[in-house]
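Reader: I would like to learn how to read a protein structure. Can we go through it feature by feature?

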Amino acid sequence: MRLHRLEVTAFGPFAEPQEIDFDALSGAGIFLLHGPTGAGKTSVLDAVCYALYGSVPGARQAPGASLRSDHASPDTPTEVTLELTLGGRRLELTRRPEQDRPKKRGKGTTKDKAQSWLRERTGDSAAAGDGDDGWRSLSRSHQEIGEEIEQLLGMSREQFCQVVLLPQGEFARFLRADAEARGRLLGRLFDTRRFAAVETLLAERRRDAEAKVRAGDEKVLGTAQRLAQAAGDSPDLRAWRMPAHQPGDPGLAEAVRAWAAVARCATRERRVVAEYALAAAESRHAAARRAAEDARELDRLQRRHAEGRRRAALLAEAAPERERVRLLLDRARRAALIAPALELREAAARAHGSATRAEAAARAELPPPLAEAGTEQLAGVEQRLREDLGALGAAHRSEARSAEIGRERAALDREARAADELLRETTDWLARWEPARTALRDRVEAAQQAATLAEQLAGRLEPARLQLAAAQRRDALTAEAAAVEGALLSVREESAAAKERWLELKEARLRGIAAELAAALAAGEPCAVCGSPEHPAPARPAPGHVDRAAEDAAHADLEAAEERRAAAERRLAAVTEARAEAATAAGDTATAELLALTADLTRRHTAAHTAAAALHAAREALAGAEREYTARSEARRDAEARAAARASRREALDDEQRGLEAELAQVRGGAPSVADRARLLERRVALVTGAAEALRRAAAAAERLKEADDRLADAAFTAGFDTTDDAARAVLPEYEHAALQRRADGWQAEEAALADRLAEADTAAAAARPPADPEAAEAHAERAAAGLRAASSALDAARLRCAEVDRLSRQADGELRALGPLREAYDRVARMAALTAGTSADNERKMRLEAYVLAARLEQVAAAATLRLLRMSGGRYTLVHSDAKATGRGRSGLGLHVVDAWTGSERDTATLSGGETFFASLALALGLADVVTDEAGGTRLDTLFIDEGFGSLDEAALDEVLDVLDSLRERDRSVGIVSHVADLRTRVQAQLEVVKRRGGSVVRHRTGSLTD
């Protein structure tokens, strides 16, 4: 990758268009980018990164940060153009961020969306076809351009910023950081997420396997508990209580199987006992049931005999009533012979009365002249009336046509009123059309503006939320840092106290070491101090003597306190670093202000989005209104044509109606209508016809009544009755005759039944025995039945308990067999998870899998950095990777040490001085750039930038560093130094100066003696 040209407009501190010619600056191999603080040196690097990736490096990509220059004119758009060679292709990248601009019409501003262009130089203007000499447009899609650039570079934005824009401050922190912080940086540069994913996957599988084992153990324990409940309580089982076990206990299987065997034996023994008890209860119940049946039979016979005696006495008392009933039935049998004649006479009398009343009613309805007329006279009147009724047929048709004309005229009137109402409504609607159309168009435009505003606010809302989250994290980490500092002070005091205690004990032990050595002396054995085999006066321990065990215990307390202090310091460093990152991302804005800003943006975005949601409805409403306007206009023209046709039709109907009314007036007479006249004639015909018929029926009824009286008198005399009235009184109704007959038959049957019952031998014999007591016998049988049910229930319960114990024993055995493979699988995955997580005893250095991979990368980086560090330090320092085992709970594998050739010692990189740290961090940055470049596929980086750090070097060290940087020019590579150190201006000829001015910064080139 080689940079050729950079153009920036209204970007950062640059208000006016500025062009940077990297080809001219790179001619000398090394060029200097300098200027006063705040002039915009870093903004040049930001512009390069923004052109490539569409975002600026690191913390400068904060939520709410704007790339637009505050000095630029509102009409000047912010734009960055970068021309470079990448993968052998000459490309030009142009990007514009999202920005506000003045509206072309009216006041206020509108927001332009972000735009990107990618072009490639072909060298053939005819083939380009877009008007630019030799350039061919490739894409205007942000996503396509980003994917193309990242594929050609082979590295992400974070990797590019780390290996091309070398930030020395970050590598100085890398040298002083602990293993966790180094791991985070290396993890971003070398994509080791797949190894971390393996760790996570194994941990998840371990948790899943552990959960399955625990679930299996819980299932077995649950089955064992149900087995204990099913087995019940017995003396044998009380002596075999199952011991308590926890899930995962290897002895669980043996305990459950032993308990199940004892429970099965106990439940089978209780089932045999219940079977014997049931047999005895059945025998007792059978005997009690036979005794109860005998008592019930004796009681039934005794009650039957007593009931027969009682009913015989009642039958003797009813003898007078039986005679009266017999006489009534005899008269009724004789009266039955004349019943048909009586019924015939009663029917004739009823018919004669009805006919007489009907004749009187019919004559009352006739007019007075006809009230006394005979049948022949009434027939003549009926004939004349029917002739008048037949003459009304033609008048009926004329009247029907007149009514039809009236209905048609009414329909025309209703249609005319509805048409007039519709016409008025349509006219009013068309009069309001223009204002309504204007209002609907305003709704559409307002919804479109709301949609644009919602899209703009959405672009600002997400950065604001990210900055708010960073600010909240910053505040939380600030509070946590204070708490950690307090804890660190406490553990430091504990460590100092432990060290003081250990030194005191050590000094006291040294003072009494003679007594400790004397305790090991033996007669004839040489002294370990003087060599003499004689020990005339060995020393004795003084009171409060301190031995080795006490000293070792104090030293162990000291080491534990030191580990706690180191852990607290690491925790404080991690919290401090995280707080710095959060503060950088959040900026200087207060959390409350960011919260209010986010809430305001959310509220405005929600309101705009809600208003924009009405765009479709507004467009549909406008289109519907336009369709309705067309339809109403056509409807008005059609209504006017139909109104003229209705007027012509109504005039014709009026003429026809007048002719029909003159004709009907002569036919109706005094009646309101022809139908009324017809009904009047029909009513008169009916009256005359009914009266004539009533006269004929009355004469016939009188004749039939006379014949019935004669037949009744003959029948009464034949049956033996003196008069017809006596015969009529002897006749009984059917229901009364049947009731008397049933009483007589019942008395006769009762008499026969009582005679048979009193003659029964067993009944008489039972009456001679003492009274029976069936209730006592039944109660005894019920008690025997209750005992039988209890014994049967006990046997059923014993059988069910035995079957349930067998089933649960088989279930528990199956669950224990299924648990074996689960436990083996858990052991395998747990060993693998612990090994990759660095917590296994087999992992001697406690290195995680991801840390192991990163350690290999760190070893490559250290080797590449050493090549340049040896030259910059005059052969004194060498960077080496350390995989020494970490103390406490720390992880191993990411240690970085420096070897001092002058002293031969190896020490941590955190002990380097300021200038030495610069050497080491610069060498580390260059080495990391080489390794990451190889990792990304060997993409050649012909342009590098080194940002600050030169102020800590003396003159000799600066010469060494420049020599190393000068060696990077091999094979046409150029290095840009970003610094404000004045001494570099005399040592580096090619310079790019950023000049700070009130109206915006500008750039100046100086290559050799030429100055722009």
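Reader: Is glutamate 83 buried or exposed?

Author: This is a predicted model, so every value here is computed from it. Buried means under 20% relative accessible area. Glutamate 83 has 8%, so it is buried.

Reader: Which residue does glutamate 83 meet in a salt bridge?

Author: Start with the general idea. Side chains of opposite charge can pair when their charged atoms come close. Here the partner of glutamate 83 is arginine 90, at 2.7 Å from N to O. Arginine 90 is partly exposed, with a relative accessible area of 29%.

Reader: Which residues are linked with them in a network of salt bridges?

Author: The network links Arg5, Glu7, Glu83, Arg90, Glu92 and Arg119.

Reader: How many salt bridges does a search of the whole structure find?

Author: The search finds 24. Let us look at aspartate 112 and arginine 101. Their side chains meet in a salt bridge of 2.9 Å, N to O. Aspartate 112 lies in strand β7 (residues 109–112), and arginine 101 lies in strand β6 (residues 99–102). The pair therefore ties together parts that are 11 residues apart in sequence. Aspartate 112 is partly exposed at 24% relative accessibility. Arginine 101 is partly exposed too, at 26%.

Reader: Where do arginine 565 and glutamate 569 lie?

Author: Both lie in helix α17 (residues 548–586). They are four residues apart, which is about one turn of the helix. Arginine 565 has a relative accessible area of 22% and is partly exposed. Glutamate 569, at 29%, also counts as partly exposed.

Reader: Now for sheets. What is the order of the strands in the open sheet of six?

Author: The order here is β2-β1-β4-β5-β8-β9, and the pairing is antiparallel. At the edges are β2 (18–21) and β9 (135–139), each pairing on one side only. Neighbouring strands of this sheet are turned by 20° against each other on average, direction ignored.

Reader: Over how many bridges do β8 and β9 pair?

Author: Strand β8 (residues 115–121) and β9 pair over four bridges, in the antiparallel sense. Take one residue as an example. Arginine 119 has serine 137 in β9 as its bridge partner.

Reader: What about nonpolar cores? Which residues touch the most other members in the largest one?

Author: The largest nonpolar core has 43 residues. Leu6, Phe22, Leu52, Leu84 and Leu153 touch the most other members. Helix α2 (residues 41–53) gives the most to this core, with nine residues.

Reader: Which residues does leucine 6 touch?

Author: Leave aside residues up to four places away in sequence. Among the residues that leucine 6 touches are Ile20, Phe22, Val44, Ala47, Val48, Val80 and Leu82. Gln18, Glu19 and Thr81 are also touched by leucine 6. There is a second, separate core of 27 residues, which includes Ala865, Leu869, Leu896 and Val975.

Reader: Where is alanine 281 found?

Author: Alanine 281 is in helix α10 (residues 252–317). With a relative accessible area of 3%, alanine 281 is buried. Now compare sequence with space. Alanine 281 and alanine 791 are 510 residues apart along the chain, yet their C-alpha atoms are separated by 6.9 Å. Beyond its neighbours within four places in sequence, alanine 281 is in contact with Gly787, Leu788 and Ala791.

Reader: One last feature. How many disulfides does a search of the whole structure find?

Author: A disulfide is a covalent bond between the sulfur atoms of two cysteines. The search here finds zero. Take cysteine 265: the nearest cysteine sulfur is that of cysteine 802, 9.7 Å away. A disulfide needs the two sulfur atoms within 2.5 Å. Cysteine 265 is exposed, at 55% relative accessibility. Cysteine 802 is in no disulfide either, and at 1% it counts as buried.

Notes. Residues numbered from 1 in each chain as written. Predicted model: local features only at pLDDT ≥ 70, side-chain atom pairs only at ≥ 80, totals over all residues. Heavy atoms only, no water. Salt bridge = Lys/Arg side-chain N within 4 Å of Asp/Glu carboxyl O. Buried < 20%, exposed > 50% of the residue type's maximum accessible area, 1.4 Å probe, protein only. Helix = DSSP H or I, 4+ residues; strand = E, 2+ residues; numbered from the N terminus. Pairing = 2+ DSSP bridges. Axes fitted to C-alpha atoms, helices over the stretch in contact; angles between N-to-C directions. Core = buried A, V, L, I, M, F, W, Y, C linked by side-chain atoms within 4.5 Å. Contact = heavy atoms within 4.5 Å.
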